[in-house]
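Trainee: I have a protein model open and would like to learn how to read it. Can we go through it together?

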Amino acid sequence: MRRRDLLTNYNLASLVPGFPAQEAAKRQATSPTGPRANYFPNVILRTHKNQPVRFYDDLIKGKLVVINFMYAECEGICPGMTANLLRVQKLLGDRVGRDIFMYSLTLEPEKDTPLVLKHYAEMHGVKPGWLFLTGHRNDMETLRRKLGFVDPNPTIDADKSQHIGLVRIGNEALDRWSACPALLKPEQIVKSILSMEGPKSKLVNS
């Protein structure tokens with residue numbers, strides 16, 4: 001899958017022209033809002049618990065995050081992806097919701113209301129610390145593009161099934177961003193997540 005291979009190796013810093021890692025480091029040192037404050041929109045979303053949250057301020061700023069896109073009525077990869085990420089959550093233990101945060105954003109906000117997402121999370125046995133999020137169509141589309149879940153071919157990009165095979169991993173405080181396949185072995189996904197912290201990372205419940 002050429003598109004997925006491309007995104008897997010795609011560094012989010014390159015999404016913003018003229019914004020090299022050195023500049024990010026400077027902004028980290030001088031800006032209390034974080035290096036991506038001017039990149040990510042601070043739109044209001046709703047969690048599967050029907051709580052309002054701001055994307056940048058509440059979900060991203062200063063955090064180590066694991067983000068994927070999905071939709072509740074998906075009969076393809078979504079159920080397997082959610083099950084795989086649930087194993088990732090189990091491996092990370094109580095770090096999820098404490099210093100590692102997992103977010104699943106819907107590609108069908110008109111259908112995936114907070115109640116629908118709540119049922120989806122409960123059906124799959126999702127534990128605390130992992131939020132399922134919905135919002136206005138335009139806001140969800142903006143976030144999809146900002147997070148790099150896009151294809152340069154408009155026809156392919158219009159197919160929402162093309163945006164659910166990857167997991168975006170980011171440490172906003174350090175401005176480190178990467179991606180990996182959502183169906184990669186859970187242990188390898190965990191390794192990718194912890195690599196964003198630095199050399200002192202330690203696997204919980206290994």
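Mentor: Start with a loop residue. Asn50 lies in the loop between S1 and S2. Keep in mind that this is a predicted model.

Trainee: Is Asn50 buried, partly exposed or exposed?

Mentor: Buried means under 20% relative accessible area, and exposed means over 50%. Asn50 has 44% relative accessibility, so the class for Asn50 is partly exposed.

Trainee: Is Asp175 buried or exposed?

Mentor: The cut-off for buried is under 20% relative accessible area. Asp175 has a relative accessible area of 9%, so Asp175 is buried.

Trainee: Where is His48, and is His48 buried or exposed?

Mentor: His48 is found in the loop between S1 and strand S2 (52-54). Relative accessibility is 10% for His48, so this residue counts as buried.

Trainee: Where is His136, and is His136 buried or exposed?

Mentor: His136 is found in the loop between S5 and H6. Exposed means over 50%. His136 has 58% relative accessibility, so His136 counts as exposed.

Trainee: What distance separates the C-alpha atoms of His136 and Pro109?

Mentor: Along the chain, His136 and Pro109 are 27 residues apart.

Trainee: Now helix H6. Which residues of H6 are buried, and why do they line one face?

Mentor: H6 covers residues 137-146, and its buried residues are Met140, Leu143 and Arg144. Look down the axis of H6: these buried residues line one face because they fall within an arc of 105°.

Trainee: What covers the buried residues of H6?

Mentor: Both strands and helices take part. The cover includes strands S1 (44-47), S3 (64-70), S4 (101-106) and S5 (130-134), and helices H3 (55-60) and H7 (154-157).

Trainee: Which glycine follows H6, and what is its phi?

Mentor: Step past the end of H6. There you meet Gly148, with a positive phi near 85°.

Trainee: How far does H4 reach from its first C-alpha to its last?

Mentor: Helix H4 (residues 78-92) has 15 residues. At 1.5 Å a residue, 21 Å is expected. The reach is close to that, at 21 Å.

Trainee: Which elements do the buried residues of H4 pack against?

Mentor: The buried residues of H4 include Cys78, Met81, Leu85 and Val88. The buried residues of H4 pack against S3, S4, helix H5 (114-123), S5, strand S6 (166-171) and helix H8 (186-195).

Trainee: How many aromatic pairs are there in the whole structure, and why is Phe40 with Phe55 edge-to-face?

Mentor: The whole structure has six aromatic pairs. For Phe40 and Phe55, the ring centres are 5.7 Å apart. Planes over 60 degrees apart count as edge-to-face. The planes of Phe40 and Phe55 are at 70°, so this pair is edge-to-face.

Trainee: Which parts does the pair of Phe40 and Phe55 tie together?

Mentor: Phe40 is buried at 3% relative accessible area, and Phe55 is buried at 0%. Phe55 lies in helix H3 and Phe40 in the loop between helix H2 (21-30) and S1, so the pair ties together parts 15 residues apart in sequence: that loop and H3.

Trainee: Which charged ends sit over the ring of Tyr39?

Mentor: Tyr39 forms one aromatic cluster with Phe40, Phe55 and Trp177. The charged end of Arg36 sits over the Tyr39 ring, 5.0 Å from its centre. At 4.3 Å from the centre of that ring sits the charged end of Lys146.

How values were computed: Residues numbered from 1 in each chain as written. Predicted model: local features only at pLDDT ≥ 70, side-chain atom pairs only at ≥ 80, totals over all residues. Heavy atoms only, no water. Buried < 20%, exposed > 50% of the residue type's maximum accessible area, 1.4 Å probe, protein only. Helix = DSSP H or I, 4+ residues; strand = E, 2+ residues; numbered from the N terminus. Arc of directions from axis to C-beta. Contact = heavy atoms within 4.5 Å. Phe/Tyr/Trp six-rings, centres within 6.5 Å; stacked < 30°, edge-to-face > 60°. Lys NZ or Arg CZ within 6 Å of the ring centre and 35° of its normal. Expected span 1.5 Å × (residues − 1).
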